[in-house]
Amino acid sequence: MIDFSLTDEQRQLQQLAREFTRREIIPIAAEYDRREELPWQVVEKAFEVGLLNLSIPEHAGGLGLGMLDEAIIGEELAYGCMGIYTVLMASELGIVPILVGGSEEQQRRFLTPLTEKPGLAAFALSEPDNGSDAAAMKTTAVLDGDEWVINGTKMWISNGGIAEITVVFATTERGGGHGATVALVVPKDAPGFSYNKIKHKMGQRASLTSELVFENVRVPRGNQLGGLGDGFKIAMKTLDKTRIPVAAGSVGIARRALDESLKYAKEREAFGKPITSYQAIQFKLAEMSMGIETGRLMTYKAAWLVDSGRPHASEAAIAKAYCSEMAFDAANEAIQVHGGYGYVGEYPVEKLLRDVKLNQIYEGTNEIQRLIIARNLLR
Ligand code: COS
């Protein structure tokens with residue numbers, strides 16, 4: 001039996017997120033993008049209303065929301081600003097490996113504090129020289145008695161340096177491949193742990209992206225998630241889930257592109273008539289709508305697979321790649337509908353295009369998504 005209706009609870013979550021976006025995100029999005037600054041007050045307010053760190057399970061004091069709930073909320077938040085949404089989404093990305101690889105005791109120890117006051121998590125896999133080839137990581141972790149000693153540099157880390165906890169993936173033997181990897185939880189204040197903010201990003205400038213530096217950073221062995229050699233697989237299993245919120249955010253961007261285009265096109269006249277009377281414009285609006293509906297269905301399906309414990313790697317990859325490309329096209333066409341006005345910051349559409357470009361790159365490039373889909377087909 002297929003049912004496309006949301007539950008009452010999901011409709012309430014959607015309404016809550018929509019209202020939050022309207023009140024707290026849309027009014028400040030352009031300014032924080034210009035300032036390249038993370039609006040911390042949004043994190044605090046999201047915490048207050050219950051929109052932060054949604055996947056923390058009940059046994060660790062959280063709401064334990066499912067992936068479909070997250071997707072519904074994510075679409076709404078990204079409608080307001082993909083950069084601000086990334087701050088909240090990247091925190092979930094830092095939480096999921098602890099759910100995937102951590103014991104119940106570790107989940108309580110690391111995640112309960114995030115339910116007690118506003119705070120973020122982060123996920124550190126990519127490095128200056130390794131992005132797509134994640135197993136080639138060079139950051140090392142060496143056991144010294146009962147402590148891991150971490151050395152190396154991580155790159156492109158959302159919430160990097162300001163997150164209360166960061167899940168860091170490291171190798172116990174350089175060149176040892178995926179079998180020599182380990183996942184370690186590093187607290188913000190660990191001595192030897194520092195960060196540098198990456199500036200002048202094209203878009204998503206209200207989210208903090210950092211380079212992380214580890215110089216003899218020591219964490220107890222009890223901060224290791226899973227077993228020795230499990231790091232890579234924990235990272236992969238995490239990304240198989242967290243690509244769905246990227247897809248949901250992309251749908252939100254596309255919906256915003258459509259709404260802005262509709263609003264502008266109804267007001268703008270050319271050759272004596274509103275431009276909505278021309279098929280050249282109508283077809284662009286129709287294309288956007290087709291993409292949004294299709295992308296949302298795929299996102300919901302992938303989320304439903306996660307929530308029902310079924311295999312979901314390929315569907316998450318399809319949703320992520322499809323939606324980010326669909327939303328890129330929608331944002332691009334929204335600029336076209338706006339003409340010259342779309343190319344300047346006075347209207348929000350140029351920001352949509354700058355922001356959505358990253359959705360094709362982070363949490364695995366869309367080329368990697370195609371690789372995952374193809375491998376699943378050929379297996
Ligand atoms: N879930 C569980 N296990 C997985 C897995 C998954 N999704 N993907 C791979 N594995 C396992 C494999 O089964 C294999 O295990 P065994 O040796 O026990 O058989 C092991 O991990 C190695 O897998 P594989 O040989 O496929 O690894 P590759 O080095 O070829 O890498 C890709 C695979 C390219 C898919 C991986 O490196 C990747 O996803 N890269 C992108 C990283 C990324 O998304 N970065 C973004 C960072 S967050 S902004």
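1. Is Asp129 buried or exposed? Asp129 is exposed, with a relative accessible area of 59%, where exposed stands for over 50%, buried for under 20% and partly exposed for what lies in between, computed with a 1.4 Å probe and protein chains only. The side chain of Asp129 meets that of Lys138 in a salt bridge, at 3.2 Å from N to O, and Lys138 counts as partly exposed at 37% relative accessibility. Salt bridges that share partners also join Arg18, Glu75, Glu76, Arg255, Glu293 and Arg296 into one network.

2. A word on the basis of these remarks: this is a predicted model, in which local features need pLDDT of at least 70 and side-chain atom pairs count only at pLDDT 80 or more, while totals for chains, interfaces and linings use all residues. Residues are numbered from 1 along each chain as its sequence is written, and side-chain values use heavy atoms, with hydrogens and water left out.

3. A search of the whole structure finds 28 salt bridges, the term being used for a side-chain nitrogen of Lys or Arg within 4 Å of a carboxyl oxygen of Asp or Glu. One of them links Arg35 to Glu31, with the closest N and O atoms 2.4 Å apart. These two residues are four residues apart in helix α1 (residues 8-35), and are therefore separated by about one helical turn. An α-helix has 3.6 residues a turn, so residues three or four places apart point the same way. Arg35 is partly exposed at a relative accessible area of 39%, and Glu31 is partly exposed at 33%.

4. Another salt bridge brings together the side chains of Glu24 and Arg23, at 3.8 Å from N to O. Glu24 counts as buried, its relative accessibility being 17%.

5. Helices and strands are DSSP runs numbered from the N terminus (H or I over at least four residues for helices, E over at least two for strands).

6. Which residues of α10 are buried? They are Asn366, Ile368, Gln369, Ile372 and Ile373. These residues cover an arc of only 155 degrees around the axis, which puts them on the same side of α10, the arc being taken from the directions from the helix axis to the C-beta atoms. Glu367, Arg375 and Leu378 are exposed on the other side of α10. The cover over the buried residues of α10 includes α6 (231-267) and α8 (313-338), where contact means heavy atoms within 4.5 Å.

7. Lys154 deserves a separate remark. Lys154 lies in strand β3 (residues 147-158) and counts as buried at 0% relative accessibility. Between Lys154 and Gly227 there are 73 residues in sequence and 22 Å in space, C-alpha to C-alpha.

8. Finally, the surface: Ile2, Phe4 and Leu297 make a nonpolar surface patch of about 380 Å². Leu297 belongs to helix α7 (residues 279-307) and is partly exposed, with a relative accessible area of 48%. Patches are made of residues with over 30% relative accessible area and no salt bridge, joining like charges within 9 Å and nonpolar side chains (Val, Leu, Ile, Met, Phe, Trp, Tyr) within 5 Å.

Technical notes: Areas by Shrake-Rupley, 256 points an atom, 1.4 Å probe, with all protein chains shown as cover.
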